[in-house]
Amino acid sequence: TQGPVGAQLTAKADAVVDLIGGDALEDAPNQVRDTARGASVVDAETVLGMGGHYVFVRPERDHHDALRAMAEDGTLRVDLAATY
């Protein structure tokens, strides 16, 4: 609701993951230093055209439960410098 993310950043991000597509994905090059570090689970054609990666996903409860368990026991850990 605040407009394009790229216009709100004070510095570009190391990587971008698109879960929405559309205008959000179109703005990705304005959000990331290197478009090869962008990924989308929604729009293969657009993200590949930007030089990024398309990730095919099929959500399954068992996989989500496994990820949750790994996050809870510390096996899976993602360090973030900042979020936007």
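How many helices and strands are there in the protein? The protein has 4 helices and 3 strands, as seen in this predicted model.

**Figure 1. Overview of the protein, whose elements run α-β-α-β-α-β-α from the N terminus on.** Along the principal axes, the C-alpha atoms fill a box of roughly 35 × 30 × 25 Å. The protein has 84 residues, and 21% of them count as buried. Of the contacts between residues at least 6 apart in sequence, 10% join residues at least 24 apart.

**Figure 2. The open sheet, with its strands in the order β1-β2-β3.** The pairing in this sheet of 3 strands is parallel. Strands β1 (16–18) and β3 (53–54) stand at the edges with a single partner strand each, so one side of each has no neighbour in the sheet. Strand β2 covers residues 38–40 and is joined to β1 by 3 bridges. Within this pair, Val17 has Ala39 of β2 as its bridge partner.

**Figure 3. The largest nonpolar core, made up of 6 residues.** Its members are Val16, Leu25, Ala28, Val32, Val47 and Met50. Beyond its neighbours within four places in sequence, Met50 is in contact with Leu25, Glu26, Ala28, Pro29 and Thr35.

**Figure 4. A nonpolar surface patch of about 460 Å².** Leu67, Met70, Leu76, Val78 and Leu80 make this patch. Leu76 lies in the segment after α4 (61–73). Its relative accessible area is 34%, so Leu76 is partly exposed.

Note on methods:
Residues are numbered from 1 along each chain as its sequence is written. This is a predicted model: local features need pLDDT of at least 70, side-chain atom pairs count only at pLDDT 80 or more; totals for chains, interfaces and linings use all residues. Side-chain values use heavy atoms; hydrogens and water are left out. A nonpolar core is a set of buried Ala, Val, Leu, Ile, Met, Phe, Trp, Tyr and Cys residues joined through side-chain atoms within 4.5 Å. Buried means under 20% relative accessible area, exposed over 50%, partly exposed in between (1.4 Å probe, protein chains only). Contact means heavy atoms within 4.5 Å. Two strands pair if DSSP finds at least two bridges between them. Helices (H or I, at least four residues) and strands (E, at least two) are DSSP runs, numbered from the N terminus. Patches are made of residues with over 30% relative accessible area and no salt bridge: like charges are joined within 9 Å, nonpolar side chains (Val, Leu, Ile, Met, Phe, Trp, Tyr) within 5 Å. Accessible areas come from the Shrake-Rupley method with a 1.4 Å probe; for residues, only the protein chains shown count as cover. A salt bridge is a side-chain nitrogen of Lys or Arg within 4 Å of a carboxyl oxygen of Asp or Glu.
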